[in-house]
Amino acid sequence: MTMNKKFVILLIALMLSGIGYAQTVQIDPRLEKAFSSEQLQRMQKEIPIVIELLNYELDYSWYIAEPEMMQKADDFDYLYYRDPETGDRAGMVQSIEPGKVNIAEFYYERPYDNRVFYKVGKTDTIIGFYSNKEMSEMFNGMKGYSHE
């Protein structure tokens, strides 16, 4: 078999596996707070790994900080909701229930290599977001990918 035929067969196999992959990645309904249905469906069809990453981030990209972080609370901004139409900052988040958090609703920044923390209303709760670098490493580790 020539190299061209092997390449074509490999390309067809990758396309078929990509089609199957796109059908198996489900869109978490919580993402609808940040993206339109059309955007989500397009991503699911064209770049399903992004949907998988977004789904992963909903549950694993944040955490409730330890009480000791309250000592640094003056250094943190308050957490706000994200306006779904404009993407701008909207009303302040007054409280969160850890089992019901949907970060797709929040307006926050995620620096590349630093974690960021936000105060939640007038509560004693601090929410932390992992850096983009940490999220990439966590997601890749979960998928079994390695940069080495």
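In this note, contact means heavy atoms within 4.5 Å. The structure is a predicted model: local features need pLDDT of at least 70, side-chain atom pairs count only at pLDDT 80 or more, and totals for chains, interfaces and linings use all residues. Residues are numbered from 1 along each chain as its sequence is written, and side-chain values use heavy atoms, with hydrogens and water left out.

1. **Lys33 and its surroundings.** Not counting residues up to four places away in sequence, Lys33 touches Arg82, Pro84, Asn102, Ala104 and Glu105. Lys33 lies in the loop between helix 1 (3–24) and helix 2 (37–46); helices (H or I, at least four residues) and strands (E, at least two) are DSSP runs, numbered from the N terminus. Lys33 and Pro84 are 51 residues apart in sequence, yet 6.3 Å apart in space, C-alpha to C-alpha. With a relative accessible area of 44%, Lys33 is partly exposed. Here buried means under 20% relative accessible area, exposed over 50%, and partly exposed in between (1.4 Å probe, protein chains only).

2. **Asn102.** Asn102 is found in the loop between strand 4 and strand 5 and is buried, its relative accessible area being 8%. Leaving aside neighbours within four places in sequence, Asn102 is in contact with Arg30, Lys33 and Leu58. The side chain of Asn102 also reaches the backbone nitrogen of Ala104 at 3.0 Å. A polar contact is a pair of N or O atoms within 3.5 Å; within protein, one must be able to donate a hydrogen and the other to accept it, and residues adjacent in sequence count only if both atoms are side-chain atoms.

3. Three strands form an open sheet in the order 4-3-5, with antiparallel pairing. Its edge strands are strand 4 (89–92) and strand 5, each of which pairs on one side only. Two strands pair if DSSP finds at least two bridges between them. Strand 3 (residues 80–82) and strand 4 run antiparallel and are joined by two bridges. Tyr80 stands opposite Met92 in strand 4.

4. Strand 6 is largely enclosed by the rest of the structure, because five of its five residues are buried. In a regular strand the side chains alternate between the two faces of the sheet. From strand 6, Val116, Tyr118 and Val120 point one way and Phe117 and Lys119 the other, and all are buried. Strand 2 (residues 77–78) runs parallel to strand 6 and is joined to it by two bridges, with Asp77 opposite Tyr118. Strand 7 runs antiparallel to strand 6, with five bridges between them; the bridge partner of Phe117 in strand 7 is Gly128. The hairpin of strand 6 and strand 7 has four residues between the strands, and in it Gly121 takes a positive phi near 50°.

5. **Aromatic pairs.** Rings of Phe, Tyr and Trp (its six-membered ring) pair if their centres lie within 6.5 Å; planes under 30 degrees apart count as stacked, over 60 as edge-to-face and the rest as tilted. The count by this rule is eight aromatic pairs. Tyr108 and Phe129 are stacked, because their ring centres are 4.1 Å apart and their planes at 5°. Tyr108 lies in the loop between strand 5 (106–107) and strand 6 (116–120) and Phe129 in strand 7 (residues 125–129), so the pair ties together parts 21 residues apart in sequence. Tyr108 is partly exposed at 23% relative accessible area, whereas Phe129 is buried at 0%. Phe129 also forms an edge-to-face pair with Tyr118, at 6.0 Å centre to centre and 80° between the planes. This pair links strand 6 and strand 7 through residues 11 apart, and Tyr118 counts as buried at 7% relative accessibility. Ring pairs also link Tyr63, Phe76, Phe117 and Tyr130 into a cluster.

6. **Charges over rings.** A charge sits over a ring if NZ of Lys or CZ of Arg is within 6 Å of the ring centre and within 35 degrees of the ring normal. The charged end of Arg89 sits over the ring of Tyr80, 4.1 Å from its centre. Lys119 lies over the face of Tyr78, 4.3 Å from the ring centre.

7. **Helix 4.** Helix 4 (residues 132–143) has 12 residues and reaches 16 Å from its first C-alpha to its last, close to the 16 Å expected at 1.5 Å a residue. The expected span is 1.5 Å times one less than the number of residues. Just after helix 4, Gly144 takes a positive phi of about 85°.
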